[in-house]
Structure formats: structure tokens, C-alpha cells
Amino acid sequence: MSPPVVAGLLLTGTAVESAVIALWPLTAFTLAELLPYATASGAAPGWTAGQVAPMLLGAVIAFPLLGPALHLMLLTGVGAGLAGPVAAASGVGGWSAAACVAAAGVGLAAAVEAVRRLVGRIGTTGTRRRTT
């Protein structure tokens with residue numbers, strides 16, 4: 001691939017990942033509101049500096065060096081920190097909020113992976129040529 005194509009793909013991937021991370025609290029709050037015993041007492045929680053700092057540190061310094069297991073540990077820690085604000089805003093218990101945060105994270109990751117596979121399939125379909 002040419003450098004401009006690679007740069008464009010990297011920028012697009014960064015925008016998609018940023019959107020997914022930004023939507024994580026809202027998606028978890030929405031799932032928590034769907035529970036029958038939810039008593040929404042506030043607006044959807046957003047990211048605080050304390051919650052985003054580990055993710056930014058990992059993105060800037062360590063993600064190229066991290067393996068999938070350490071990436072999962074970082075996201076688990078950040079998700080655990082997000083469960084408290086989701087529980088407080090939606091009125092559900094801590095474990096229910098943690099389950100909603102986990103379901104939202106897995107659902108968003110699955111959606112991103114599906115789009116990646118689709119784009120990869122479309123991209124490789126256009127480059128095949130017959131050699132006869």
C-alpha cells in the first residue's frame with residue numbers, strides 16, 4: 001500500500017476507535033436504563049479525567065508494545081471505574097452496572113470488528129486479478 005493510503009486508514013481507524021470509546025458510557029447507561037428496576041436519576045455519565053488518563057497513557061506510550069492480554073486488563077480497569085458512575089446515574093446496583101458496562105464494551109467491540117472485516121473483505125475483493 002502507498003503511504004497516503006496507510007495514513008488515511010490509520011486516521012480513519014483512530015476516528016472510529018475514538019468514537020467507540022466516547023460512546024461506551026452512553027451505551028452502558030442506555031443498557032442500564034433498559035433494566036426493569038432502573039430508576040434513572042441523572043444524565044448519562046461521561047468520561048472524567050481520572051478515567052480517561054490510563055487510556056490516553058496506554059494509547060500514547062504503550063499500546064504498540066502491549067499485547068492483547070494487557071490491553072484487555074487496561075480496558076477492564078477502566079470499565080470497572082466506569083461502573084460506579086453508570087450505577088449512580090441509572091439507579092441500578094453495582095454488579096448490574098458492571099454487567100451493562102461489559103456488555104456495552106463487548107457489543108461496541110463486536111460492531112467495530114464486523115466493520116473491520118467488511119472493509120477488509122471489500123478492500124481485498126477489488127485487488128484480485130486473474131493471471132491467465
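Is methionine 1 buried or exposed? Methionine 1 is exposed, at 77% relative accessible area, where exposed means over 50%, buried under 20% and partly exposed in between (1.4 Å probe, protein chains only). Keep in mind that this is a predicted model, so local features need pLDDT of at least 70, side-chain atom pairs count only at pLDDT 80 or more, and totals for chains, interfaces and linings use all residues. Residues are numbered from 1 along each chain as its sequence is written, and side-chain values use heavy atoms, leaving out hydrogens and water.

**The largest pocket**
- The largest pocket holds about 1,500 Å³ of space; a pocket here is an open set of points on a 1 Å grid where a 1.4 Å probe fits, with protein on both sides within 12 Å along at least five of seven lines.
- Its lining has 40 residues, and Glu17, Val20, His71, Val112 and Arg116 are the closest to the centre; lining residues have an atom within 4 Å of a point.
- Helix 4 gives the largest share of that lining, with 15 residues (helices are DSSP runs of H or I, at least four residues, numbered from the N terminus).

**The salt bridge**
- A search of the whole structure turns up one salt bridge, meaning a side-chain nitrogen of Lys or Arg within 4 Å of a carboxyl oxygen of Asp or Glu.
- Arginine 117 and glutamate 113 form it, with their closest N and O atoms 3.3 Å apart.
- Both sit in helix 4, four residues apart, or about one turn of the helix.
- Arginine 117 is exposed at 58% relative accessibility, while glutamate 113 is partly exposed at 32%.

How values were computed. Grid points are joined across faces, edges and corners, and a volume is the space filled by probe spheres set on the points. Helices (H or I, at least four residues) and strands (E, at least two) are DSSP runs, numbered from the N terminus.
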